[in-house]
Amino acid sequence: MKTDTRRPRRIKETVFKGIAVSPGVAIGAIFDTTEPPAEAPRRDIKPEQVEAERERLNAAAATARKQVTKLKTRLSVLPEEAQEELAPLLDAYILMLGNSRLLRGARKRIGDLLLAPETAVLDEAEEIAATILALKDDDKAGLLRRAAEVREIGRRLIRTLTATPFRSLKDLPPGAILIAEEITPADAALLDPSRIAAVATEEGGADGHTAIMLRALGIPAVLGVHGLTEAATRGDQAVLDGATGQVVLHPGEGALAAARESLAAYARERTKLSKLRRLPAETTDGEVVELQANMEIPAELPLIAQAGAQGIGLLRSEFLFMNRETLPDEHAQFDAYRSVVEAMGGDPVTIRVLDWGGEKDMEALAEGSPPPAGPNPALGLRGIRLLLKRPELLEEQFAAILRVAARGPVRVMLPMVTIPAEVAQARDIYERVARRLRRRGENIAEKLPPLGAMIETPGAALAADAIALEADFFAIGTNDLAMYTLAVDRAETDLAHLYDPLHPAVLRLVQFATEAALRMRMPVSVCGEMGGNPKLVPLLLGLGIRSLSMNASSIPRVKQAIRALDIDDCARFARRVMEQSDPARIHELVSAFGTDKA
Ligand code: PEP
Ligand code: MG
């Protein structure tokens, strides 16, 4: 992020394009979280720490260099003028993050003065900047710019070193558009939707958990916006459209007027959709569809109630415990689930046991003996695999859920299942915990709440008939299913064009798993992001799905779509789609459904 002194401010309207992840329009001032943490505390170290701290600095420099190099490869998406301005600047950054005076000086300070790298970098950058500013040169603006660049690199390094780029939102003015290189799902969970108008980041994909969190909170958001953090300065005015994926920096009158019009249109639509709240999700020929909400954090409960959800189809329990350093014990979990079950007032709550691992924060697991992340976390110890390896975690969670079941209807769901034996083993533990609780005098019903499996890996989908023999219900997680089927990370910006739940391979797996469940007369729902897209509802209904779980704010639009559908049309449409082998053709058919072109 540059400061005002770095170079003359460009106030020309610039349009950036990213991945549209959460609809809504915002007009506001940029608030840049890539600013340094204001209070990186000064810290001394011991002589025996020198080597390790120098290593930490080297690693931070390598990370920062990688980030800037990546930024540079992406410049081609920007207008030529912006490219001309930014390319030399990024080259200078890359040089300074190599074997530069800044890094050499900081390394020396770590050893000679026994300073922590954050402190050493800050002091060295300040000293270099002061030296530059003291030079005799007529080009005062040039000197100011060079000094600002050194400070900027220092800040970048400190940010990487402290690894807390995001938690300091205390200066955030209300109504700001938050921008960052990247925000983690745990950071997103800390955002207050009543204060933040919108979010834009350089990194991130359409169905990563950061995107899911932002949608859940109803915060308009665009991820994967290349070049924005370099071009924008705190306080700049911007317009963000989370439905089109457009961010306009320094919007002109035309862009502002269009944004104001969109804001008014959203407000009108909200009023119209709110009238659907009490109406059933029923097709024109009387087929009823269950619409439930996905939930991550308690802040969503009012939105869920407002949307008229018929219960919670996926409680991502790991999010409830994400921003804490210790594992939640049975009592903490009981309290958390109880408040959700009670808030739902008799509607069912499907609690998914902890899906830690992969891109999800594992801070709390780091206490005691942290599980190894492995070379490839997405393919490693995560979800049910982790819980079966650490059965004490599963036992505590089952105990909390089973006790909560006395307060209202719950279901229990296992994440990342790949083989039937995982469900069978989990069920053994489940029943053992129930017996233990009964011995303890707890009120545990004879018939335990249903224990279901997420179908979110190709292996599970293709073995759905075998898993159906062990599970009481299925919830199809199309987010991971698409990721693992297509070998594309759901949070990866550069491959977002290949991450496509409408790829025929993904659809065939959804179809196979759905049919396996229906043959067994077993409940099956879709709880991945596909389920919340009104355009995809005809296809899912046509494949036999009658239960969808989604972020609460999507429920009214999905309900509106269902109320205009005829189930036979949906079935015919699904047959047509499933004959296709080209994803592009499937997209065409989906967009054209219900229009004359269909
Ligand atoms: C999924 O993978 O589709 C899913 C619903 O689970 P999560 O998004 O939490 O991984
Ligand atoms: Mg998943």
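Predicted model: local features only at pLDDT ≥ 70, side-chain atom pairs only at ≥ 80, totals over all residues.
Then I went through the polar atoms. On the side-chain side, I found an oxygen of ligand 1 at 2.7 Å from an N or O atom of arginine 316. For the side chain of histidine 209, the distance from a ligand 1 oxygen to an N or O atom is 3.0 Å. Asparagine 479 takes part through its backbone: a polar atom there is 2.8 Å from an oxygen of ligand 1.

How much of the accessible area of ligand 1 does the protein cover? I got 100% of the 290 Å² that the ligand has on its own. I also checked the cavities, and the largest cavity is the space that ligand 1 takes.

I wanted a closer look at α7. Why is this helix, residues 209–216, largely enclosed by the rest of the structure? Because 8 of its 8 residues are buried. I wrote them down from one end to the other: His209, Thr210, Ala211, Ile212, Met213, Leu214, Arg215 and Ala216. So His209 is on the buried list, as under 20% relative accessible area counts as buried, and its side chain has the 3.0 Å approach to ligand 1. Just past the end of α7, I spotted glycine 218 with a positive phi of about 70 degrees.

Arginine 352 came up again when I followed its side chain. Which residue does it meet in a polar contact of 2.7 Å? The partner is the side chain of glutamate 318. I placed glutamate 318 in helix α11, residues 317–320. Buried or exposed? Glutamate 318 counts as buried because its relative accessibility is 0%, and the cut-off is under 20%.

For contrast I picked arginine 278, in the loop between α9 (253–274) and β9 (290–295). With a relative accessible area of 73%, arginine 278 is exposed, the threshold being over 50%.

Definitions and conventions:
Residues numbered from 1 in each chain as written. Chains lettered and ligands numbered in written order. Heavy atoms only, no water. Helix = DSSP H or I, 4+ residues; strand = E, 2+ residues; numbered from the N terminus. Buried < 20%, exposed > 50% of the residue type's maximum accessible area, 1.4 Å probe, protein only. Polar contact = N/O pair within 3.5 Å; in protein donor to acceptor, adjacent residues only side chain to side chain. Areas by Shrake-Rupley, 256 points an atom, 1.4 Å probe, with all protein chains shown as cover. 1 Å grid on protein atoms, 1.4 Å probe; cavity = no way out; pocket = protein on both sides within 12 Å on 5 of 7 lines; lining within 4 Å. Sits in = over half its atoms within 2 Å of the grid points.
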